[in-house]
Amino acid sequence: MVRRSFASGRWRYLHPAYYLKRPKRLAFLFIVFVVATFATWDRQSLIREHEAEIIKLQEELNRLQDQLRKSSVSDEMSENVKFIREVEMDPVNDERREKVKEAMLHAWNSYVEYAWGQDELQPQSRSGVNSFGGLGATLVDSLDTLYIMGLKDEFQKAREWIATSLDFNKDYVASVFETTIRVVGGLLSAYDLSGDKLFLDKAKEIADRLLPAWDSPTGIPYNSINLVHGNPHNHGWTGGESILADSGTEQLELIALSQRTGDLKYQQKAEKVIRQLQKTYPSDGLLPIYINPRSGVAAPYSTITFGAMGDSFYEYLLKVWIQGNKTEGLKHYREMWETSMEGLVSLIRKSTPSSFSYICEKTGNSLSDKMDELACFVPGMLALGSSGYAPEKAEKMLSLSKELAWTCYNFYQVTQTKLAGENYVFREGQDMSVGTSWNILRPETVESLMYLWRLTGNQTYQEWGWNIFLAFEKNSRIDSGYVGLKDVNTGVKDNMMQSFFLAETLKYLYLLFSPPSVISLDEWVFNTEAHPLRIIPRNDTVPELGGEEEAKPQPKVIDRRQRQPFGRKQGRIADQN
């Protein structure tokens, strides 16, 4: 057999020697190889890009389908998105917000000029007064309002005073309640907003001076304490009893302090109060305003009210649940609050002929057709808590909230100055009339309007709030600050700019005209002095009663006739000097 050479015939094109002898063909082959390689690589790139584009389109389709599903579940959610965008672009709200900011600057600058470092300004006499022992109450109360409004220079000036001049070592008998909500709350809020540890250190310092007030046999706090010597005790005019609101309105602040310092002693003191009250909690959830700190039992002869001395106890049951992000360990707060709201419903009556819903007060089995302006925090509280109910119940509670807000707005509208009196009485066929006629720049109605506007999107509440602001501007603004009125019909002015006007009234008005993202209710909870505290989820459980050592201070009983001047929740009015 004759073998054919590998180089012969068609096989010669596969042999390298063939191309080495023919360079042109070698070059042609190289060009073909390069072109084919690029063509293949380009096609693969196109395929990868195409696949990536398909994935992106699929993701976008899934997103749109998800949005469509959510939209079909709740058209209200898409309306809320539209509402938020409209709010953020609303020139009317922008203008109103700036007007409120200017009012804050006027109030603040007047305080700086005439009462710097003192507790409160007396605008007509252009002087300061130490209503709270010289703790700079207006300054501390204003910190977060200045920060939220972007008044950086003013905030820094206040911060420098706190760093150099705020001294708690004062031989002064302080209200545990007032000092906690204003000073501890104000400092904690400033810390949460700014991250400046100075504020946290100061909050801890004053809280440590207040803490012995909780050393009663039951843990129910005494309501007064000397900041230097201690000696916790109750007012003589309460018969030595503790006040419900004063005892049940420190939980937010002390829990927040424990969360931020890691020291549980503050939280344990505050939550022991609730566990004690829970032992004998009534079936209607309504507690009288006086509680015996030795037995832990409420005095049955005292008044049940959502106004002075009762109000913020109920507010804090809801807000502690919110503060802890509504976790399981806090459900007893929500349960107690819902029980109390059933009791609240039992106190609701309607006036004639206009059907204004109002909240009665109760003593024993008797109802009194009287409602404090202080109780006008209730519409906001109901709106805030309504989402925790099943849908049908939530709608009922929100409806009640709206009815009560209408009543509270009319507290303002029925007077000559369009500013509300301190309380109102309701009589058959006469609707409402002013009881106590002063106005001390209170915030409760605008607080509720802010909540209702944010939670419903109904701009009517903004209009009501604007009308109230204009009434303050017309009747309470003077060259040296803002004053209350001795009589809301005659318009006669008093001589006091309450610190809560800057802490609460102007802050809530500012937020009423701000986008809901400014101090979002999903991220912050307000204490009863309108100081926002950041919501932090809690996984802890409340310590059992008796798990901490009991201290032994005895209450100092003061003569009943030596009735103390009313404080912020009880009401206070200053005579013109």
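**Figure 1. Three strands form an open antiparallel sheet in the order 3-4-5.** Strands are DSSP runs of E with at least two residues, helices are runs of H or I with at least four, and both are numbered from the N terminus; two strands pair if DSSP finds at least two bridges between them. The model is predicted, so that local features need pLDDT of at least 70 and side-chain atom pairs count only at pLDDT 80 or more, whereas totals for chains, interfaces and linings use all residues. Residues are numbered from 1 along each chain as its sequence is written, and side-chain values use heavy atoms, with hydrogens and water left out. Strand 3 (173-175) and strand 5 (230-233) are the edge strands, each pairing on one side only. From one strand to the next, the twist averages 25°, where axes are lines fitted to C-alpha atoms, for helices over the stretch in contact, and angles run from 0 to 180 degrees between N-to-C directions.

**Figure 2. Strand 3 pairs with strand 4 (residues 224-226) in the antiparallel sense.** Three bridges join these two strands, and V173 stands opposite N226 in strand 4. Helix 7 (residues 176-194) packs on the sheet, where it touches strand 3 and strand 4. The direction of helix 7 makes about 65° with that of strand 3.

**Figure 3. The largest nonpolar core holds 143 residues.** Such a core is a set of buried Ala, Val, Leu, Ile, Met, Phe, Trp, Tyr and Cys residues joined through side-chain atoms within 4.5 Å; buried means under 20% relative accessible area, exposed over 50% and partly exposed in between, with a 1.4 Å probe and protein chains only. I162, F306, Y314 and M341 touch the most other members. Helix 15 (residues 391-413) contributes the largest share of this core, 10 residues. A second, separate core of six residues includes I243, I289, Y290 and M309.

**Figure 4. The surroundings of I162.** When neighbours within four places in sequence are left aside, I162 is in contact (heavy atoms within 4.5 Å) with L139, V140, L143, L187, L198, F199 and K202.

**Figure 5. A disulfide joins C376 to C408.** The structure holds one disulfide, defined as a pair of cysteine sulfur atoms within 2.5 Å; here the S to S distance is 2.1 Å. The link is left-handed, with -95° about the S-S bond. It connects distant parts of the chain, 32 residues apart: C376 lies in the loop between strand 12 (370-372) and helix 14 (378-386), and C408 in helix 15. Both C376 and C408 are buried.
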